[in-house]
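The following paragraphs lead through the fold of a protein, from its overall composition to the packing of one pair of its elements. Please consult the sequence and the model alongside the text.

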Amino acid sequence: MGEYKCSAKTRRKIYDIAQELFAEKGYGETSLIDIAKRAHVSTGTLYRHYPSKSSLLLCSADESVFGFEEAASELPANMGCRDRIVTLFARGMENGMKLFAAIDGGGPANRSAELYLAYRSAVYASPESFARVSKNRAAIRSAFERVLKGGVESGDVVSGADTFAVADVLVSVFFQHYDSALLGYDEEGDALSLERKAMAVLDPVLVCAQ
């Protein structure tokens, strides 16, 4: 048990140091040796936890999903379905931006794009990495679906609504908006725009919008 705790602590330390270096130097200019030196661990220890830089990026997706599910579990019981979905969108964006947007605002904007594009490349690098991220997306969809099913039970969502399909579309909208915000390819990255997109999906199934 003590060995496991030590291993988990070391793994987290390496991950946090890597994020610092990616923000300071950029993803391309940071090597695994740089990370090992600053984390004060041997290269063998680093490789045991993270065999490549891309594996560190894929862990970012795990972090984001954990934050999303945590936010879903903390939603007030008396909050309506509409507000629950909007809150989840906002919290999910906030968590994701912290992971990729030049961590803690410490780096230039072009490093945010570099880091995110490197992450996207890592996703499609192998069937295993794609499956891992697909599993994370499915977890986010499940969180949305649970909220929607709760909305059906409370009367906020119309009876018979295809909650799986709606949740699936919400995930697509969320990640499209995520791309916009991190890569800056349009002006649709603000919170109000995100809420508007979410409502375009939700309005057809919300009782209050009928």
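What share of the contacts in the protein with a separation of 6 or more is accounted for by residues 24 or more positions apart? In this predicted model, such residues account for 65% of those contacts.

The secondary structure consists of 10 helices and 0 strands. Read from the N terminus, the order of elements is accordingly α-α-α-α-α-α-α-α-α-α. The chain comprises 210 residues, of which 45% count as buried.

One helix pair may now be considered in detail. Two packed helices are described by the angle between their axes and the distance between the axes. For helix 8 (residues 127-154) and helix 9 (residues 163-183), the axes come within 8 Å and cross at roughly 130°. The crossing of helix 8 with helix 9 is right-handed.

On the side of helix 8, the contact is formed by Arg137, Ile140, Arg141, Phe144, Glu145, Leu148, Lys149 and Val152. Helix 9 contributes Thr163, Phe164, Val166, Ala167, Asp168, Leu170, Val171 and Phe175. By residue class, this contact between helix 8 and helix 9 comprises 10 nonpolar, 1 polar and 5 charged residues.

Conventions: Residues are numbered from 1 along each chain as its sequence is written. This is a predicted model: local features need pLDDT of at least 70, side-chain atom pairs count only at pLDDT 80 or more; totals for chains, interfaces and linings use all residues. Side-chain values use heavy atoms; hydrogens and water are left out. Helices (H or I, at least four residues) and strands (E, at least two) are DSSP runs, numbered from the N terminus. Buried means under 20% relative accessible area, exposed over 50%, partly exposed in between (1.4 Å probe, protein chains only). Contact means heavy atoms within 4.5 Å. Axes are lines fitted to C-alpha atoms, for helices over the stretch in contact, and angles run from 0 to 180 degrees between N-to-C directions. A crossing is left-handed if the near helix is turned anticlockwise from the far one by less than a right angle, and right-handed if clockwise. Ala, Val, Leu, Ile, Met, Phe, Trp, Tyr, Cys and Pro count as nonpolar, Asp, Glu, Lys and Arg as charged, and the others, Gly among them, as polar.
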